[in-house]
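Dear colleague,

I am handing over the structure below, and I would be grateful if you could look through it alongside the notes that follow.

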Amino acid sequence: MDLQLLIVIIVDGLIYSSYLFMVAVGLTVIFGVQKVLNVTHGSFFAFGAYLAATLIGVWYNAELPAFGGFLMIFLAAAFLGVVFGLVIERGLLRYLYHRDEHIVVLATFAAFLALEDVIILIWATDPYFAYQPMELLGWTDIAGLTFDNYNLSMVGVSMTIALIMWFTLTRTRFGKILLAVIFDREMSQSMGINVNKVFLVTFMIGAFLGALGGAYVAPTISVQPGIGVEVVVLAFAVVVIGGMGSIPGALIGALVVGISRAASVHLLPEVELFVIYAIMAVVLVLRPEGLFAPPQARKI
Amino acid sequence: MTFGIKRSGALFAAAALLAGTGLAQAQDKVKMAVPTFLTGAGAPAFGIPAKKGSELIVRGINEGTLPAPYNTPGFAGRMVDAIIYDEAGGGTKQVTELRNKVQKEKVDLVVGYISSGTCSAVTNVAEELKILTIETVCGTPRVFEELDKNPKYVFRTMNHATGNNVSAAHYIAKTRKGQVKGFVGLNQNYAWGQDSWRDFELAMRHLAPEAKPSSKQQFPKIFAGQYGAEISALLRGKEKLVHSSFWGGDLEALIGQGSARGLFHKKDFVLTVGETVAYRLGKKFPQGLMIGARGPYGMYAVDDPNPLNQWFQKEYRKAYGEPPAQPAYQYAQGILAAKYAYDTAAKKAGKFPTTDQVIEALEGATFPTFVGEVKMALSKGHQAVTDDLWGVTVWDEKRGETVLKDVIVFPASCIMPPEGVASIPWLEGGMKGAKC
């Protein structure tokens, strides 16, 4: 393999890995803390994309300063994080925490289907485009190929998210509380931790991250019905590979899948469709809990 | 008590009268089911324009305001009640929907279907249910070549996908003779994408033998949305020509991501259904692309002076504030086929026709459409053929729309296999019998 091809595979792989990490990290955060396999994550992504596309459109139509369009991306994600946190966690999940986890998955799946229709009610079926932030950043030549800077910036955003998550979990009081809740919910509660509040905040963070994934990707795609469906499948694959509930797992899972996919596109495109699920199958056979999931103590 | 009986009797009589009126009204209408994508990824590019085209043509038919020869109201004088419903959900769901429409809602005919998957699932069920079904958009040649070799109730009123890819190869051979040394494909990994590439590659083998296909074809997952690696692979490849049957959101994402990386300046693209998104993207749609519409529809029909076409263009823009793209034409054409068949059968029978009489009128028929004629020439008179057109996109500042230049018309006899010959053997055999 020549050096130019190797560099291109790495760059393509890193961009795709960043996309995967952005869509998967919120899912793994919610599962890690709340043990909820949240299918509505696909809706967070879709709502993030729609709201960001709408706000970006409004922003540029009003001829406001060009870089403000980026602000709209984060604003959309933050708003949705709060709204979904309140609506889904307070309105639905808190009534189900004591129920069998299969019921919870079905409930989030039902909410996902309902939210798909809500999207059509709000935005109808017409596609939305929000290409301005992508155009604004221009392009860079790497190894003789042109790459757009917006997609390259996704690598930076993903790394920033990973660093913030690591810092929060390991260096802050809230992180320690989270770890305590993850380790033993009942014991944390008996020690005076307001687990309900932790769950709400965690869900808001997870929803924010899901919506941010959609909002950040919006300028690169045509935002239209059904975009959340594809994403939730990919996010599950990455989370399963990395280990359910593990943030480093999501990062490594995204990297493994992203680089493998880029390599297959360049070297053996026939297996591109297969590669993600092949990796998932191998990991599930060799290490069913995923690459980075901590061993679970069995409670009696 | 007497009063009670009298009152009950009066109520019964009123109910009977109402029921009778309802029955009479039901009998005076033709109930037509129109499946199209109203939700999901197929809706924006195909489903919604198809719905709009259907609503408009049905309104024109019921009001009797269409130009001749379709200027009589209704189907054989009866008003058309169009029941438009969602095609999303996959083949199994659509089979159930079809049964519901036929057995519970008692529709008289079905006109629609976009997805090749849906057509594959419902074709034999429609035959079993004995329901006149006019498939409008789905492209797979398998419908009559494999699934339903002796059709009675099922028709398709436009070319199947083979014609589209053969005409694309003809266009390249004519306009870029000797210039294309190699070509590569970027198609979605499902039946439509794989069949489109196969037909194009086979046609190129005979029409431009000097052009060699790449050994690395890209088949990303449908609705993948992210094509960074595929764009890099295309940019690295030495092949100048790229064939793609992408549609809808996938095509729009490819255009957005590819434009930012100069893909459309560095490569020559042939987009077999590119017309479906060209209007929506406006100025963002790259210039200099070869795009198809699977027949004389949408952008290829915009300036045709046929009064029926001018009526459709004018009324569609007035009603929806946008130009009609190919799915709007293709659904409207299917409904026109039904009107033609009902009217012709009624004329022959001297009364409102039976389903068998309508089928007899449509089998092997030639009927006028928006641009030229549709000939039900293949598959024992159940598969239509039309001319196909190819051209290159250019932005028209005056109109504020993408238009086409260097347009070439390919007659149906040149691009579709002859009667009784399946697509793949015809292509593999060098397209014998084609009259170009």
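Throughout these notes, two residues are said to be in contact if their C-beta atoms, placed from the backbone, lie within 7 Å. This is a predicted model, in which local features need pLDDT of at least 70 and side-chain atom pairs count only at pLDDT 80 or more, while totals for chains, interfaces and linings use all residues. Residues are numbered from 1 along each chain as its sequence is written, and chains are lettered from A, with ligands numbered from 1, in the order in which they are written.

On that contact criterion, 22 residues of domain 1 of chain B touch 23 residues of domain 2 of chain B. By class, the side of domain 1 that touches domain 2 in chain B has 11 nonpolar, 8 polar and 3 charged residues, where Ala, Val, Leu, Ile, Met, Phe, Trp, Tyr, Cys and Pro count as nonpolar, Asp, Glu, Lys and Arg as charged, and the others, Gly among them, as polar.

Turning to chain A, there are 12 helices and 2 strands, taken as DSSP runs (H or I of at least four residues for helices, E of at least two for strands) and numbered from the N terminus. Its radius of gyration, taken over C-alpha atoms, is 19 Å, close to the 19 Å that the globule rule gives for 300 residues, so chain A is as compact as a globular protein of that length; the rule itself is 2.2 Å times the number of residues to the power 0.38. Along its principal axes, the C-alpha trace of chain A spans about 60 × 50 × 35 Å.

Between the chains, the contact takes 32 residues from chain A and 33 residues from chain B. Helix H1 (3–34) of chain A is among the elements that each supply at least two residues to this side, and H1(A) gives the most, with 5 residues. The side of chain A that touches chain B has 18 nonpolar, 8 polar and 6 charged residues.

Finally, Ala224(B) lies in the loop between strand E7 (212–213) and helix H8 (228–236) of chain B. Its C-alpha atom is separated by 36 Å from that of Val102(B), 122 residues apart along the chain.

With kind regards
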